[in-house]
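Hi,

Here is the structure for your files. Please have a look, then read the notes below.

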Amino acid sequence: MKEIPLQKKQNGLAVLLGICALYLLAILGTFVGMGVLPSAGGIVLMVVCVFVLCVGWIPVMGLKVLKPQEALVLTLFGRYVGTLRQEGFYFVNPFCVSVNPAARTKLSQSGDVGGAKNATAALTQAAVGVNIGDFSNRKISLKIMTLNNNRQKINDCLGNPIEIGIAVMWRVVDTAKAVFTVDNFKEYLSLQCDSALRNIVRIYPYDVAPNVDTTGDGVADEGSLRGSSEVVADRIRDEIQRKVENAGLEILEARITYLAYAPEIAAAMLQRQQASAIIDARKMIVDGAVGMVEMALERLNEKQVVTLDEERKAAMVSNLLVVLCGNRDAQPVVNSGSLY
């Protein structure tokens with residue numbers, strides 16, 4: 001189903017003025033028929049005016065007011081007739097009914113049209129038992145809205161459980177598809193976000209891991225959820241867009257808002273990261289110490305400060321490595337005797 005814009009209906013003010021004028025004439029005609037013309041003609045005039053007063057409110061039902069970035073989907077006896085998209089004061093067929101199955105759906109998102117009105121309607125319904133929300137607010141917001149889905153626990157490609165949350169910026173681009181193609185486009189979007197998130201996260205490891213192909217080209221790469229967040233977010237956005245295309249929704253952006261190991265393995269993974277950091281630091285310290293020992297021996301040999309045999313060189317290298325690689329400051333022993 002394709003959206004049908006209604007653009008030539010912005011005559012609500014003229015119709016409202018006409019209805020007011022008709023009511024004034026009907027009231028005046030009623031008094032004239034009762035007092036001035038007490039004949040058969042006066043009775044007919046009075047009956048006509050009373051009839052106008054009784055049914056004259058029906059055209060008022062066709063008056064619609066739209067603010068910027070709002071839309072109204074209209075049906076007439078079950079048939080889709082069109083959508084009002086631009087702001088203005090409209091007059092449509094009084095028997096047209098506005099449709100929005102997601103009007104009362106509240107997710108973890110911003111931008112719902114008439115949120116305060118829906119809350120008031122809910123309170124009134126609880127008090128008097130009448131559901132007035134279905135009549136007071138069926139407009140569809142065309143603004144950019146943010147859906148912040150709940151955190152999910154998903155296993156990455158290595159089987160490690162992680163917790164991840166995303167924020168999705170979206171908007172309605174085709175109101176007819178959003179209303180008539182799916183049952184509730186907000187709930188549909190939320191479910192598709194969960195599904196797309198699981199499909200993409202299962203491709204990546206949490207951190208860089210060897211022999212893992214995240215691009216599908218058969219070659220191992222360094223993609224990861226932690227290091228390739230922009231790439232992962234783009235793939236999530238494309239996946240969601242592909243799933244909600246038939247619902248008339250456009251996904252503008254998707255961003256990872258929370259990423260961490262699940263609590264049951266978080267402590268073990270922290271120890272693993274600490275051990276990896278210690279090993280990397282030790283490697284750097286050893287490389288630097290070996291370079292410094294080589295430099296010391298070369299300088300002593302060039303300056304001919306002292307001549308050392310292989311055994312003394314080995315002892316000197318051992319002492320220097322202990323001093324340079326140790327965690328504590330060295331405590332030198334002063335030799336006041338001979339070198340040997």
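**Helix 6 and the cores**

The buried residues of helix 6 are Phe 185, Lys 186, Tyr 188, Leu 189, Ser 190, Gln 192, Cys 193, Ala 196, Leu 197, Ile 200 and Val 201. Buried means under 20% relative accessible area, with a 1.4 Å probe and protein chains only. Helices are DSSP runs of H or I, at least four residues, and strands are runs of E, at least two, numbered from the N terminus.

This is a predicted model: local features need pLDDT of at least 70, side-chain atom pairs pLDDT 80 or more, while totals for chains, interfaces and linings use all residues. Residues are numbered from 1 along each chain as its sequence is written, and side-chain values use heavy atoms, without hydrogens or water.

Helix 6 covers residues 185-201.

The largest nonpolar core has 41 residues. Such a core joins buried Ala, Val, Leu, Ile, Met, Phe, Trp, Tyr and Cys residues through side-chain atoms within 4.5 Å. Trp 170, Phe 185, Leu 189 and Ile 240 have the most contacts inside it. Helix 6 gives the largest share, 8 residues. A second, separate core has 10 residues, including Leu 72 and Tyr 90.

Ile 240 is in contact (heavy atoms within 4.5 Å) with Leu 189, Gln 192, Cys 193 and Ala 196, among others beyond four places in sequence.

Ser 224 lies in the loop between helix 6 and helix 7. Ser 224 counts as buried because its relative accessibility is 1%.

Best wishes

Terms used: Expected span 1.5 Å × (residues − 1). Buried < 20%, exposed > 50% of the residue type's maximum accessible area, 1.4 Å probe, protein only.
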